[in-house]
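Visitor: I have a structure open and would like to learn how to read its features. Could you take me through a few of them?

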Amino acid sequence: MTSSLSVNGNRLWQSLMDLAEIGATPKGGNCRLALTALDGQGRDLVTGWMRDAGLTIRVDQVGNIFARRAGRNDALAPVMTGSHIDTQPTGGKFDGCFGVLAGLEVMRTLNDAGVQTEAPLELAIWTNEEGSRFVPVMMGSGVFAGKFSLETALSARDAKGLAVRDELQAIGYAGAEPVGGRPVDAYFEAHIEQGPILEHEEKVIGAVTGSLGLRWYDVTVTGMEMHAGPTPMGIRRDALFAASYLLQAVVNIANAHQPHGRGTVGEIHAHPGSRNVIPGQVRFTTDLRHEDEATLTRMDQLWRDACREIAEKHGVQVEVKDVQYFRPTPFDPDLIEKVRQGAARRGLPAMDIVTGAGHDAVYMAAVAPTAMIFVPCKDGISHNEIEDAQPAHLEAGCNVLLDAMVARANAAR
């Protein structure tokens with residue numbers, strides 16, 4: 001085992017800070033959108049470090065980067081780790097980047113100690129995880145896992161009409177390797193939590209047991225706009241008043257399905273938007289989440305029932321359009337246990353946790369046993385320039401990743 005080995009926390013931190021200089025923002029964050037020139041510079045920097053570590057690099061047709069460290073039995077399927085280095089427009093230094101550079105630090109540490117694993121190890125940088133510039137989100141891992149086609153990804157365009165295939169060429173990462181279709185023994189992903197639970201519970205390591213399922217809806221409530229003064233209250237068909245009950249229903253449904261129920265209305269528009277006109281139409285988004293598929297289905301039914309009841313009671317029409325559905329994704333029990341064991345061996349306070357955010361690991365769970373390692377981020381803030389994490393916590397998460405990857409790579413097959 002690797003209990004006698006520990007990563008170089010200072011080297012990990014310095015790598016994170018060096019990468020953060022590319023696309024640095026005035027508030028201390030990062031803007032390094034997928035497939036921009038800055039993303040190309042970030043890729044060049046990290047692949048340079050990979051080569052310095054003796055890793056063999058391949059790039060596939062959607063721009064995913066794979067760096068391989070040979071094993072004693074190189075014919076075995078690799079134990080893989082990875083994440084992404086593209087950011088939100090006002091992103092932070094750690095989202096995604098920690099997972100990539102933690103994987104690199106694992107390789108460097110094994111090199112320093114002269115340790116060779118039985119199975120090979122691989123480090124992935126996935127293309128366009130954030131979806132800030134191109135959709136679909138989690139693009140590279142999605143194509144790798146067969147969730148959508150290579151052509152869907154390559155033909156996606158940004159707000160300026162620029163296509164993924166052309167932007168890959170422009171930054172020099174339009175690879176020749178086929179996307180996916182090859183064995184992966186296991187996949188680990190280290191990540192900041194992007195939420196407040198670990199910090200609140202005073203835990204350093206989160207053993208991620210799976211991801212919440214998600215249902216997104218676009219909702220339109222249609223009443224009748226009329227003059228606010230002459231129209232008596234009793235005969236109004238006020239779309240905003242009716243919608244206010246639906247906004248509460250979203251939250252109430254989530255509260256009734258704790259601890260993993262989530263319900264959010266993130267966007268709302270009232271028409272015509274005049275102070276002396278009764279709103280005739282309201283459009284808003286709804287986001288429901290839960291870790292259990294049956295429970296999420298029940299929440300979906302309760303939501304649709306609420307929409308019908310409010311429409312009838314208030315004399316309005318309520319149209320619910322399904323936008324996206326991600327099933328809950330349980331992670332692999334053996335890999336989760338390896339994360340728990342790594343934390344216990346190193347005396348790190350740990351807890352089981354689910355992820356409410358999308359990650360490349362969610363797609364990778366369809367092709368290989370998968371688990372994630374969370375570490376705290378300050379105040380649970382992410383997708384924000386002030387995103388922050390303690391160096392000691394990042395080092396701890398990287399040590400757990402080291403232990404888990406080596407344990408899996410050396411496991412009897």
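Visitor: Leaving aside its neighbours within four places in sequence, which residues is Ser 382 in contact with?

Guide: Keep in mind that this is a predicted model. To read contacts, set aside the sequence neighbours and list what remains. For Ser 382, what remains is Asp 95, Ile 192, Gln 194 and Glu 387. With Gln 194 there is also a polar contact between the side chains, at 2.9 Å.

Visitor: Where does Ser 382 lie, and is Ser 382 buried or exposed?

Guide: Ser 382 sits in the loop between S14 and H12. Its relative accessible area is 16%, and buried means under 20%, so Ser 382 is buried.

Visitor: Which residues does UniProt list for "binding site"?

Guide: The UniProt record, an unreviewed entry, gives Asp 95, Glu 130 and His 383 under that heading. The three span 289 residues in sequence, yet no two of their C-alpha atoms are more than 9.7 Å apart, so they gather at one spot. Asp 95, Glu 130 and His 383 are also included in the lining of the largest pocket.

Visitor: Where does Asp 95 lie, and what does Asp 95 touch?

Guide: Asp 95 is in the loop that runs between strand S3 (79-83) and helix H3 (97-113). With a relative accessibility of 6%, Asp 95 counts as buried. Not counting residues up to four places away in sequence, Asp 95 touches His 84, Glu 130, His 191, Ile 192, Gln 194, Ser 382, His 383 and Glu 387. The side chains of Asp 95 and His 191 are joined by a polar contact of 3.1 Å.

Visitor: And what is the place of His 383?

Guide: His 383 is in the loop between strand S14 (370-375) and helix H12 (391-409). His 383 is partly exposed, at 40% relative accessible area. Residues up to four places away aside, His 383 touches Gln 88, Thr 90, Asp 95, Glu 130 and Gln 194. Its side chain makes a polar contact of 3.3 Å with that of Glu 130.

Visitor: Now a helix. Which residues of H8 are buried?

Guide: First the general idea. An α-helix has 3.6 residues a turn, so residues three or four places apart point the same way. In H8 the buried residues are Ala 239, Ala 242, Ala 243, Leu 246, Ala 249, Val 250, Ile 253 and Ala 254. Seen down the axis of H8, these fall within an arc of 120°, so they line one face of the helix. They pack against strand S7 (213-222), strand S8 (262-264), strand S10 (281-290), helix H9 (293-314) and strand S11 (317-326).

Visitor: What caps the N-terminal end of H8?

Guide: Asp 238 does, with a side-chain oxygen 3.0 Å from the backbone nitrogen of Leu 240.

Visitor: Which residues of H9 are buried?

Guide: Among them are Leu 296, Met 299, Trp 303, Cys 307 and Ile 310. The buried residues of H9 fall within an arc of 150° seen down its axis, so they line one face of the helix. On the other side of H9, Glu 309, Glu 312 and Lys 313 are exposed. The buried residues of H9 pack against S7, H8, S8, S10 and S11.

Visitor: What follows H9?

Guide: Gly 315, with a positive phi near 65°.

Methods. Residues are numbered from 1 along each chain as its sequence is written. This is a predicted model: local features need pLDDT of at least 70, side-chain atom pairs count only at pLDDT 80 or more; totals for chains, interfaces and linings use all residues. Side-chain values use heavy atoms; hydrogens and water are left out. UniProt positions are given in the numbering used here, feature names are shortened, and annotations may be inferred rather than shown by experiment. On a 1 Å grid over the protein atoms alone, a cavity is a set of points where a 1.4 Å probe fits but cannot get out, and a pocket is an open set with protein on both sides within 12 Å along at least five of seven lines; lining residues have an atom within 4 Å of a point. Helices (H or I, at least four residues) and strands (E, at least two) are DSSP runs, numbered from the N terminus. Buried means under 20% relative accessible area, exposed over 50%, partly exposed in between (1.4 Å probe, protein chains only). Contact means heavy atoms within 4.5 Å. A polar contact is a pair of N or O atoms within 3.5 Å; within protein, one must be able to donate a hydrogen and the other to accept it, and residues adjacent in sequence count only if both atoms are side-chain atoms. The arc is that of the directions from the helix axis to the C-beta atoms.
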